[in-house]
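Here is a model to read alongside its sequence. Take a look before the questions start.

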Amino acid sequence: MITNLQKEFWTQLTRMHDRLPHAMLIHGAAGVGKLALAERFAQLLLCEHPGQGAKPGQGANPCGGCEGCRWFLAGNHPDVRIVEPEALALVRPAAVVEESKEEQAKEKKKPSLQIKIEQTRGLADFLNLASHRGGRRVAIIHPAEDMNTATANALLKSLEEPPLGAFFLLVSHHPARLLPTIRSRCISLPVPLPDPGASVAWLTEQGVRSPQRWLAFAGGSPLRALDYATGERGEAIERVLRGIASGNHATLGEIKDRDQLEPLAEVLQKAALDRAFAALSGRTKYGAAVVPGDAHAWLSYARTMGRHRALTHHPLSPKLFAAEMLAGMPKN
Ligand SMILES: [Zn+2]
């Protein structure tokens with residue numbers, strides 16, 4: 001379980017169990033297990049027989065066997081609501097999502113990458129209903145930065161006047177992008193990167209080959225490393241890394257699909273940072289490139305690639321976009 005890599009954080013979280021704030025902002029790098037921690041905590045809040053940890057000081061744990069836990073684990077607890085962009089809800093196996101999934105299938109539209117205002121308004125209605133189990137209601141908002149101002153303001157109303165027994169768990173990879181008024185209503189809980197040794201052991205358990213390498217490429221985030229090692233994205237990344245190592249950049253530009261742009265921009269960004277790090281300190285961070293280069297030029301290129309990563313979902317010609325990224329690469 002990914003949450004086992006975050007034992008200290010879990011203990012800290014569950015210590016608040018007796019004097020719970022109604023809104024918590026669980027934030028940290030992507031892939032460190034924030035959502036899994038929020039979900040487990042939601043289960044604990046809804047558990048009818050929360051037990052204590054096996055060792056003193058390890059905090060409480062959901063029992064796993066009561067009706068609340070069973071419903072939660074089956075993905076149909078009526079007192080929990082997960083609010084997330086449609087694009088994420090579509091890949092979620094559990095059924096604790098808004099009805100958007102079905103609507104989406106019917107309409108065959110491109111799924112939204114943003115949380116919609118109807119979702120946060122629907123949340124207010126849900127929280128104002130009496131709870132089914134006579135206790136708490138929990139809303140998980142993930143990722144909380146994927147809300148525009150109008151949507152965030154609709155959520156703010158619920159945060160400002162929370163109905164009795166309502167709890168908000170906001171999960172964020174980029175808390176600085178949240179409205180300050182939202183942030184100030186939440187207790188801030190930073191989730192650290194797990195210990196690298198524990199992450200490598202966990203990745204090995206998941207059947208990942210070369211766990212150290214993927215963990216490095218993921219900047220130390222185990223879930224991200226798992227995603228790279230097992231998904232299509234990993235194959236795209238491998239291809240780009242091979243192209244960079246061989247110096248044959250021409251093959252890198254052979255991009256037909258928009259989905260291949262983001263992995264390309266990511267690898268170029270990380271390889272550029274590694275070349276700058278290698279020049280500055282003799283050490284690399286991501287294992288994406290080992291040859292030192294002109295630090296100033298590569299840092300500037302890495303910044304450009306960072307900006308490009310944010311643009312890859314927008315409509316544009318994938319081929320031209322890839323060519324532009326590759327053409328800007330420093331010569332040495
Ligand atoms: Zn339970």
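Questions and answers on the whole chain and on one residue follow.

This is a predicted model: local features need pLDDT of at least 70, side-chain atom pairs count only at pLDDT 80 or more, and totals for chains, interfaces and linings use all residues. Residues are numbered from 1 along each chain as its sequence is written, and side-chain values use heavy atoms, with hydrogens and water left out.

Q: How many helices and strands are in the protein chain?
A: Both kinds of element are DSSP runs: helices are H or I with at least four residues, strands are E with at least two. The count for the protein chain is 15 helices and 7 strands.

Q: What is the radius of gyration of the protein chain?
A: The radius is taken over C-alpha atoms, and the globule rule is 2.2 Å times the number of residues to the power 0.38. For 332 residues, a compact globule would come near 20 Å. The protein chain agrees with that, at 22 Å.

Q: What percentage of the residues in the protein chain is buried?
A: Buried means under 20% relative accessible area, with a 1.4 Å probe and protein chains only. Of the 332 residues, the buried share is 48%.

Q: Is T120 buried or exposed?
A: T120 sits in helix α6, residues 117–128. Its relative accessible area is 0%, so T120 is buried.

Q: Which residues does T120 touch, not counting those up to four places away in sequence?
A: Contact means heavy atoms within 4.5 Å. With residues up to four places away left out, T120 touches I115, M147, T151, A154 and L155.

Conventions: Buried < 20%, exposed > 50% of the residue type's maximum accessible area, 1.4 Å probe, protein only.
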